[in-house]
Amino acid sequence: MRSVAANLPQSAPLSVRERILSSFHCTPSTSGRACCPAHGSPAARQQSTTCAASKAAKGGKSGGGQGFKGFGDAPKPAPQQPKRDLSFERDSDEELVGPAAAAAQQLGDDDYNEIRLKPAYQMYVDAGFKAQRYIAPSLALARSEGEPLAHLAAGGATLPGDLLLVTPALAFVEGGFNELPELEDLHAAMMEDGPPPAQRRVMDVLEGLRPDPAAAPPPAAAAAPAAQPLPSLSTLDVKFWSGRGKDTSAPAFSSRRLMGLLGRTAASFDSQDPAAMQARHQKPVGFVSLWPEYSLLGHSCVPNTSALVVGDRLFMHATDELARGAALTRNMIGTAITSPLAVRQAAVADAMSDLLPASAAAASAAAAAASPAEAGSASGEALLSSCRCRRCALEASVSESLRDTLESAYAWYTDEATATFSRANEEEDMSLLRGLLAEAETIVAEVEEAVQGEPGLDDEQQDWIRASVYDVYDMLVTLDELVNADGADLEYLQTCLQLIRVFGPGSDSHFEVALKHESLRVHRLETFSEMLKREGRGRKKAITPLDRKKLKALKDGADLAAEFRIESVILRYGYVSEAILQQLTEGLETYMEGLEQMSVMQAQGLTELTREMEVDGVRVQIVDKLEVVNGGAAGSRAGREIINHDGMQLSVVDGPSDGDEEEEGDGGELVDVQEGAGEGLDLEGLDLDGLDLGVDPEGRAPIDLELDGDVDMEAVQAAIDDALAQEIVAIEEEERQKQAGKGASKI
């Protein structure tokens, strides 16, 4: 497979990824241009880090979440220099003049090592912190000519990674782990006590921006509201109305009216941001919510924003370089965004049917078909019926043979590959997987040949086309890893990562795949380095030219993977500090390990994995569950006391319930330590003062563990770890004996 990150011609413009990474790595870009903005004008230096920051970024440990040295720390004031703002946020499009420009010219590289951390980002790792509402100064409501609906737009030049908004939910209902509540649940929660006046004011403004299509005015009067000034974004803030005293004139919202508005504007996700919620020691859950500002984004198959949710706050960042007036867009069609043009168009039409009246939808389709500048060819004009984004316009303009190749590959995935893959997993048939891998490689080769043979496409446009059959590339990666294990081709995974950048920039998948890609690259580099040391070729003179070439290739691959991870973090979380980045990385790693353990338990038919052990006469039970339970509903046992610590729940039980198999003499208490899937047990720092952790099996008096210096918690931790290791070995041996028994019975 050809790497999408191939060298660009000298005259090609810098890609978005190059512009992002140029702030951190002072190395030649793939286009051959100088990439460090700190070497440019004073205004450019005011917006960027310098070579010193670049070296610090490259010095971070790959895959370990070390981030960028000095990133986010307080700027060091230069002696005898006027106070200055070192924020990455662009406050003005004008060049520095006068004393400010003279001062900027006197600043050295070391003065630009740091980037000011936005206060809202503390919420990523602090469960007790609630970010205040923030709307970027460059954000505004706009209505494009010929468009029936208003949308959010960039009021000024915006860079990738810029924070656009932080907004608390107007209404928020949680579900379970990977479980979405129904829209009716949100409706019922809002109607239970009735929306207060301030909320009704906000919803009334929002309804004017997203009116009911069934109640649309006649065509003659439909254009009248376009001439009226759009409301300010401040009117979508509850606090804007809350300080007005008793508001008896707020519009009433009937149950039917509210349900209609929620159907057009509510948003649902199957999980809050997993990395941030793990860093906050909270379980990420699904939810349905209403953020008025988020509902005002339009759709694009190449979105220019990313969104994540922490608690009930929605954070949105720019993922592309936006000019003044550019509409902000998001993905409104879900997984259909990785499909060919016809499927995406149908999905967009279905999504917009709830927003646009029939007349407006027809006018929009006619405008799309009458846009040769976007369609690019007469044959492609008729293909654009709903979405007119750059990706759809490009795909509509390519040759019919290329579109046929994409549709055939997509049909192979949906009609054949998924069913065969499921059957191979159920039957544990490796031969089926090998055959499917060969088919996937053939399909991908055909797509690559068609894409690269299409004239006039640059690297970025080729990625847009490939993204229409992303599922085929993803299937290839999965099969390659299952069949070839450590010998899997990491170029496949890298291509998937670059395609996610097309349709899901800054998404949780973007971060997860980037982290996995870097981890595998670094692992291979470290493995090869250790092999050279063991063979006595660790000294420079002893390394053969072939080994040196391979070592350099592995090092370059690890460096590139680190750049991809940096990009995914910036597009999702903005410019965060090194400490926050490390916590987010560790949180995501823990979450991914937990998901892996859950999948193993599911494959074994287990709902929980229980291990019992005894430490200094204290009977302890470790329970790994498929779902981490909430403290308030941690089971059916009576008298349960919960202590939450680092995602772990330590519960004390007043004897087992009727359904428990454990028996305790003399009504003894049972210690039940419940972990989140994949999380390690760490008792250090627990406040156990006066907590009775139970009795030993012999019925002796309870042991009172108090942190008064008499208890060696490190010894307790070591004993638990040792017992856990023994239990794991015993479980694995038992599983091997079962498998051997099954094999013997078949014979």
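Student: Which residue in β7 does Val173 stand opposite?

Tutor: Good place to start! Val173 faces Val288 in β7. Keep in mind throughout that this is a predicted model.

Student: How does that strand pairing look as a whole? How many bridges join β5 and β7?

Tutor: Four bridges join β5 and β7, and the pairing runs in the antiparallel sense. Helix α5 packs on this sheet, where it touches β5 and β7. The direction of α5 makes about 125 degrees with that of β5.

Student: What is the order of the strands in that sheet?

Tutor: The order is β5-β7-β6, in an open sheet of three strands with antiparallel pairing. At the edges sit β5 (171–174) and β6 (267–269), each of which pairs on one side only. From one strand to the next, the twist averages 15 degrees.

Student: Let's turn to helices. How should I think about the way side chains are arranged around one?

Tutor: The general idea is that an α-helix has 3.6 residues a turn, so residues three or four places apart point the same way. Now take α6, which covers residues 197–209. This helix has 13 residues and spans 19 Å from its first C-alpha to its last, close to the 18 Å expected at 1.5 Å a residue.

Student: How many of the residues of α6 are buried?

Tutor: Ten of the 13 are buried, so α6 is largely enclosed by the rest of the structure. Among them are Ala198, Val202, Val205, Leu206 and Leu209, and the buried list also includes Arg200, Arg201 and Glu207.

Student: Which elements do those buried residues pack against?

Tutor: The partners are β2 (139–142), α5 (183–192), α8 (238–242), α9 (255–265) and β7 (287–290).

Student: Now for charges. How many salt bridges does the structure hold?

Tutor: There are 19 salt bridges. Start with Arg133 and Glu293, whose side chains meet at 2.4 Å, N to O. Arg133 belongs to the loop between α4 (98–106) and β1 (134–135), and Glu293 to the loop between β7 and β8 (298–299), so the pair ties together parts that are 160 residues apart in sequence.

Student: Are Arg133 and Glu293 buried or exposed?

Tutor: Arg133 is partly exposed, at 24% relative accessible area, whereas Glu293 is buried, at 1%.

Student: Which residue forms a salt bridge with Arg572?

Tutor: Asp273 does, with the closest N and O atoms 2.7 Å apart. Asp273 lies in the loop between β6 and α10 (274–279) and Arg572 in helix α22, 299 residues apart. Both partners are buried.

Student: What is the N to O distance between Arg390 and Asp320?

Tutor: The side chains of Arg390 and Asp320 meet at 3.5 Å in a salt bridge. This pair links helix α15 (residues 390–397), which holds Arg390, with the loop between β10 (313–318) and β11 (329–330), which holds Asp320; the two are 70 residues apart. Arg390 is partly exposed, with a relative accessible area of 43%, while Asp320 counts as buried at 16%. Elsewhere, shared partners join Asp204, Glu207, Asp212, Arg257 and Arg264 into one network of salt bridges.

Student: Last topic: how do I read aromatic pairs?

Tutor: A pair of aromatic rings is described by the distance of the centres and the angle of the planes. In this structure, a search finds twelve aromatic pairs. The rings of Phe287 and Trp291 have centres 5.8 Å apart and planes at 85 degrees, so this pair is edge-to-face. Phe287 is buried at 0% relative accessibility, and Trp291 is buried at 1%.

Student: Which residues do ring pairs link into a cluster?

Tutor: The cluster consists of Tyr121, Tyr124, Phe315, Phe511 and Tyr573.

Student: And what is the overall picture of the chain?

Tutor: The chain contains 24 helices and 18 strands, and 47% of its 747 residues count as buried. Among contacts between residues at least 6 apart in sequence, 70% join residues at least 24 apart.

Definitions and conventions
Residues numbered from 1 in each chain as written. Predicted model: local features only at pLDDT ≥ 70, side-chain atom pairs only at ≥ 80, totals over all residues. Heavy atoms only, no water. Expected span 1.5 Å × (residues − 1). Buried < 20%, exposed > 50% of the residue type's maximum accessible area, 1.4 Å probe, protein only. Contact = heavy atoms within 4.5 Å. Pairing = 2+ DSSP bridges. Axes fitted to C-alpha atoms, helices over the stretch in contact; angles between N-to-C directions. Salt bridge = Lys/Arg side-chain N within 4 Å of Asp/Glu carboxyl O. Phe/Tyr/Trp six-rings, centres within 6.5 Å; stacked < 30°, edge-to-face > 60°.
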